[in-house]
Amino acid sequence: MQFRVDTDGMTFIVGGIRGVMDFETKVQVLDKSSGVPLFDVDVMAVLTGERPEQLTVRVVGQPSGIEIGTPVRFRDLSARTWEMGERHGVSFKASRVEPWTAGRSSGEGKAA
């Protein structure tokens with residue numbers, strides 16, 4: 001099941017960006033519905049009064065205007081639980097990531 005993530009009040013700071021590569025073929029993975037390459041964006045998620053968390057968010061398409069240290073916001077951020085044998089976790093996906101500019105109003109959160 002997929003859950004929409006409320007990012008109101010959260011700040012995301014980019015730590016890295018890399019293409020998603022198929023483990024066996026070493027070819028970049030494409031989004032199944034659009035055919036556009038997928039990228040993983042590593043971020044530090046900060047919420048006032050909470051301990052920062054490192055997350056990886058998968059996005060469709062090459063992020064532009066973003067480099068390490070850039071505050072960003074995500075569009076349509078969702079979380080999905082997964083399980084593989086004894087391992088389990090949560091994966092994150094967004095329709096896109098863009099630089100966040102102070103003062104920009106958004107229903108997607110202060111810096112998310």
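Trainee: How much space lies in the largest pocket?
Mentor: About 520 Å³. Keep in mind that this is a predicted model.

Trainee: How do you find empty space like that anyway?
Mentor: You roll a probe the size of a water molecule over the atoms, and that shows where empty space is left.

Trainee: Okay. How many residues line the largest pocket, and which lie nearest its centre?
Mentor: The lining has 14 residues. D40, R58, W82, S91 and F92 are the ones nearest the centre.

Trainee: Which strands supply at least two residues of that lining?
Mentor: β3 (38-47), β4 (53-60), β6 and β7 each do.

Trainee: And which gives the most?
Mentor: β7, with four residues.

Trainee: What about nonpolar, polar and charged residues in the lining?
Mentor: Three are nonpolar, four are polar and seven are charged.

Trainee: New topic, the sheet. What is the strand order?
Mentor: The order is β1-β6-β7-β4-β3-β2-β5-β8. That is an open sheet of eight strands, and the pairing is mixed.

Trainee: So which strands are at the edges?
Mentor: β1 and β8 (96-99). Each of them pairs on one side only. From one strand to the next, the twist averages 40°.

Trainee: What holds strands of a sheet together as pairs?
Mentor: Strands pair through backbone hydrogen bonds, either parallel or antiparallel.

Trainee: Back to β1. In which sense does β1 pair with β6?
Mentor: Antiparallel, over three bridges. β1 covers residues 2-4, and β6 covers residues 78-84. Look at Q2: its bridge partner in β6 is R80.

Trainee: And how many bridges pair β6 with β7?
Mentor: Seven, again in the antiparallel sense. β7 spans residues 87-94.

Trainee: What sits between β6 and β7?
Mentor: Two residues, and the two strands form a hairpin. In the turn, G85 has a positive phi of about 65°.

Trainee: Where does β2 come in? How many bridges join β2 to β5?
Mentor: Two, with the strands running antiparallel. β2 is residues 10-19 and β5 is residues 71-75. F12 has V72 as its bridge partner in β5.

Trainee: Last thing. What is the mean pLDDT of the chain?
Mentor: The mean is 90, and 90% of the residues reach 70 or more.

Trainee: Where is the pLDDT below 50?
Mentor: Over residues 104-112. That stretch has 31 contacts in the model beyond near neighbours in sequence. Where pLDDT is low, the predicted coordinates should not be read in detail.

Methods: Residues are numbered from 1 along each chain as its sequence is written. This is a predicted model: local features need pLDDT of at least 70, side-chain atom pairs count only at pLDDT 80 or more; totals for chains, interfaces and linings use all residues. Side-chain values use heavy atoms; hydrogens and water are left out. Two strands pair if DSSP finds at least two bridges between them. On a 1 Å grid over the protein atoms alone, a cavity is a set of points where a 1.4 Å probe fits but cannot get out, and a pocket is an open set with protein on both sides within 12 Å along at least five of seven lines; lining residues have an atom within 4 Å of a point. Grid points are joined across faces, edges and corners, and a volume is the space filled by probe spheres set on the points. Ala, Val, Leu, Ile, Met, Phe, Trp, Tyr, Cys and Pro count as nonpolar, Asp, Glu, Lys and Arg as charged, and the others, Gly among them, as polar. Axes are lines fitted to C-alpha atoms, for helices over the stretch in contact, and angles run from 0 to 180 degrees between N-to-C directions. pLDDT is the predictor's confidence in each residue, from 0 to 100. Contact means heavy atoms within 4.5 Å.
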